[in-house]
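The sequence and structure come first, followed by the notes.

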Amino acid sequence: MSLFGTTSGFGTGGTSMFGSTTTDNHNPMKDIEVTSSPDDSIGCLSFSPPTLPGNFLIAGSWANDVRCWEVQDSGQTIPKAQQMHTGPVLDVCWSDDGSKVFTASCDKTAKMWDLNSNQAIQIAQHDAPVKTIHWIKAPNYSCVMTGSWDKTLKFWDTRSSNPMMVLQLPERCYCADMIYPMAVVATAERGLIVYQLENQPSEFRRIESPLKHQHRCVAIFKDKQNKPTGFALGSIEGRVAIHYINPPNPAKDNFTFKCHRSNGTNTSAPQDIYAVNGIAFHPVHGTLATVGSDGRFSFWDKDARTKLKTSEQLDQPISACCFNHNGNIFAYASSYDWSKGHEFYNPQKKNYIFLRNAAEELKPRNKK
Amino acid sequence: MTICQFFLQGRCRFGERCWNEHPGAWGAGGGRQQQPSGSNRRGWNATSQRYSSVIQPSSFSKSTPWGGSREQEKPSFGSFDSGDSANRNRGFGLSQNPFATSPTSDEQKDEKKFLEGIVKDMEVWESSGQWMFSAYSPMKKKPSISGFTDISPEELRLEYHNFLTSNNLQSYLNSIQQLKNQWRNRVNELKTLNTSTKIALLSDIKDGINQATPTFGFGSRQTATFGSPVIVSLPNIQAGFPVNNSMGDNAQNSSFTTSSGFATAPTGSPSVFGNIPAFGAVPSTSPAITTSTPAPGFGKPEITSAASFSFKTPAASGFGSAGFSGFPAPMAAGPVGVPGAPAFGNSSSVAGFGSPGSHSHTPFSKSFSDTHDGHSSTSTSVPVSNGSTTTGNELFTPKHQLTAEELRQFQSKKFTLGKIPLKPPPVELLNI
């Protein structure tokens, strides 16, 4: 019995959407496939910061592992190293100098992986799976921020086993993003909190959700002066809200747009609505990419309020996405995100990470 | 400015828009830029102006402060300020207002639109194949409607894996099935919208804030509604997170100037960094807060106990209509902590609660025992013994002693009538 009615299942035994037996559409966009991709769903992707020469990609998966690849300019991907947790890895991030990778897992811990020595030590402990992890580099402090389903946001100095600070969340942390000095956390029950990180992290504002359904992913964007000025929030209902923190005209500047929906027979007929699994902003152009459960990714220009491109449909949902530090590479992971429950979970299905050249396609529509 | 007489009586229909002074109302209320929105807003203004005996210049109607709050699908209406004030105003102006029960035609139209919007959303939700375990709110910036559990796919997946490893897939499947059924029931309920659902919905939305304020009249309120077919208001606190917290501009200090034990809690919240002291006091006056999300800092220790509950035991009796065999441990544990604990029979001494919690039980146990005659909960005066943190032998049922249904009941947000367990909840599920 299908969980969700009449929509066609994703991972159901490899029936190709396009009916052809010769080509399977696991890579309809003909993007570069990362070698040695994880064995289970990929929950998070992260590229190395600019301080590290070259591009290194980290992916955390539901197979409890974190893998690292070197991505060369030719497009070749070389698996470099791997670390394990005792539970699925939900989030990964890099330190600002590129020497360490922080990983957050369902085993309620977060680890710091020193890439040079290939050693990983535990740096954080929660009472429930750790859903988000970010490295904060402030002028007067540095720490790791972890958000967990235990409704807390904890800040860790990696040298101590006690958190530097614990902030209570109204509900379980579902997603977070951080660009100094701002951090945004979206929680269950449509909770949304903005934090300011100057001096020490403190709650800046609680915002009433601009979306009607569960929050799924959030990404902060910057203004022309490279300062964080707002965020994009995605929900399970195929919608993204663009929200500015202090806009001159809130009613006009903040808006939501629909995405990751099937067209249906016509616009008034019921359409299939998919969750937005990830949002990433292009570091240079400021345009954004969204990936969804429908197996597509889309590029958008939020200032021109237009869609730049939508991809072909992959045969699996796209569960995570990420840009590299200069915006030349867009990485997205094709793996099952549980959006249709356990019935559509096929452990045999291969999971992919694709790399796409993003320099051209994400140029904003109107250039001043 | 003149003081608004209606406001003093608690029935000013203009709320923030009112030209008279509302003493001590919203600190941040004044001077907000509001956008004009639909004509129904203006119509309502005009009508209500006629109703009140205060003469307001007609130019007032040009600036409609409600902004996008009541608009259905205008995608660009992101003004959270207006939404926020709208919520507060309605709560304030209409809560005890007889006007609310016998609305003007414009008011009725608004409600109708609102309810139609909900019906439409439900239809879309059902047909679109989108994720069903999601909180839902009929309009942006409104509090979520009760009856929907918010579970992320990752949480569900983790539960699946945990059950797989413990070879207990069947109970996972059962709980999923139950969750789905509850969702379907709720959606159907909202689609068909009979009178009691309507009333509950409207009160969900309008009184989203008021739920916080009744001085733990929450205790009695809950008593009253528990036995009724109307959805228990308790989860609304949780769902009403955005509203209950002082939203909008930095007004982190709650602008609920009503003096309730609850309202004081959020004011403490900004300083919650790492310390819980403000909340130590709260639960004693406001037992229901144990679940309410707007009361942050609810105590890490409590969260520990709640979160440490593992899904492994096959017994999964959900806690109320949400009944989702509790993966989001904190969430499930929340409501459990409140009504579940002593009220449901067989409990003798409240162990393992710690001092704040212990206070909370007494009023609840009384009220609950009163309403639930069917239960063998004769222990109305639950001897509260503080301090012992071990899993209470008599106060709490160890998980393995609960049937699947009971565990599910405890773990969901609300009890389902007819399925309320007679045994006290397991301590792991409590979230104080």
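Over all chains, a search of the whole structure finds 22 salt bridges, a salt bridge being a side-chain nitrogen of Lys or Arg within 4 Å of a carboxyl oxygen of Asp or Glu. This is a predicted model, in which local features need pLDDT of at least 70, side-chain atom pairs count only at pLDDT 80 or more, and totals for chains, interfaces and linings use all residues. Residues are numbered from 1 along each chain as its sequence is written, chains are lettered from A and ligands numbered from 1 in the order in which they are written, and side-chain values use heavy atoms, with hydrogens and water left out.

**Salt bridges between chains**

- B:R157 and A:D40 meet through their side chains in a salt bridge of 2.8 Å, N to O.
- This pair crosses between chains: B:R157 is in helix 6 (residues 153-165) of chain B, and A:D40 is in the loop between strand 1 (32-33) and strand 2 (42-47) of chain A. Helices (H or I, at least four residues) and strands (E, at least two) are DSSP runs, numbered from the N terminus.
- B:R157 and A:D40 are both buried, where buried means under 20% relative accessible area, exposed over 50%, and partly exposed in between (1.4 Å probe, protein chains only).
- A salt bridge of 2.9 Å, N to O, is formed by the side chains of B:E154 and A:R216.
- Because B:E154 lies in helix 6 of chain B and A:R216 in strand 18 (residues 215-222) of chain A, this pair joins two chains. Both B:E154 and A:R216 are buried.

**Salt bridges in chain A**

- A:E237 and A:R239 form a salt bridge whose closest N and O atoms are 3.4 Å apart; A:E237 and A:R239 are both buried.
- A:D31, A:K309, A:R356 and A:E361 are joined into one network by salt bridges that share partners.

**Aromatic rings**

- Over all chains, the whole structure holds 25 aromatic pairs. Rings of Phe, Tyr and Trp (its six-membered ring) pair if their centres lie within 6.5 Å; planes under 30 degrees apart count as stacked, over 60 as edge-to-face and the rest as tilted.
- The pair of A:F257 and A:W300 is tilted, because the ring centres are 4.5 Å apart and the planes are at 45 degrees.
- A:F257 belongs to strand 21 (residues 255-258) of chain A and A:W300 to strand 24 (residues 297-301) of chain A, so the pair ties together parts 43 residues apart in sequence.
- A:F257 is buried at a relative accessible area of 13%, and A:W300 counts as buried at 8% relative accessibility.
- B:W125 and B:W183 form an edge-to-face pair, 5.6 Å centre to centre with 70 degrees between the planes.
- That pair links helix 5 (residues 105-128) of chain B, which holds B:W125, to helix 7 of chain B, which holds B:W183, 58 residues apart. B:W125 and B:W183 are both buried.
- A cluster linked by ring pairs contains A:F297, A:F299, A:F323, A:F330, A:Y332, A:Y352 and A:F354.

**Charges over rings**

- A:K302 has its charged end over the ring of A:F221, 4.4 Å from the ring centre. A charge sits over a ring if NZ of Lys or CZ of Arg is within 6 Å of the ring centre and within 35 degrees of the ring normal.
- B:R186 has its charged end over the ring of B:F148, 5.9 Å from the ring centre.

**Helix 7 of chain B**

- The buried residues of helix 7 of chain B include B:W183 and B:R186.
- Just after helix 7 of chain B, B:L193 has a positive phi of about 45 degrees.
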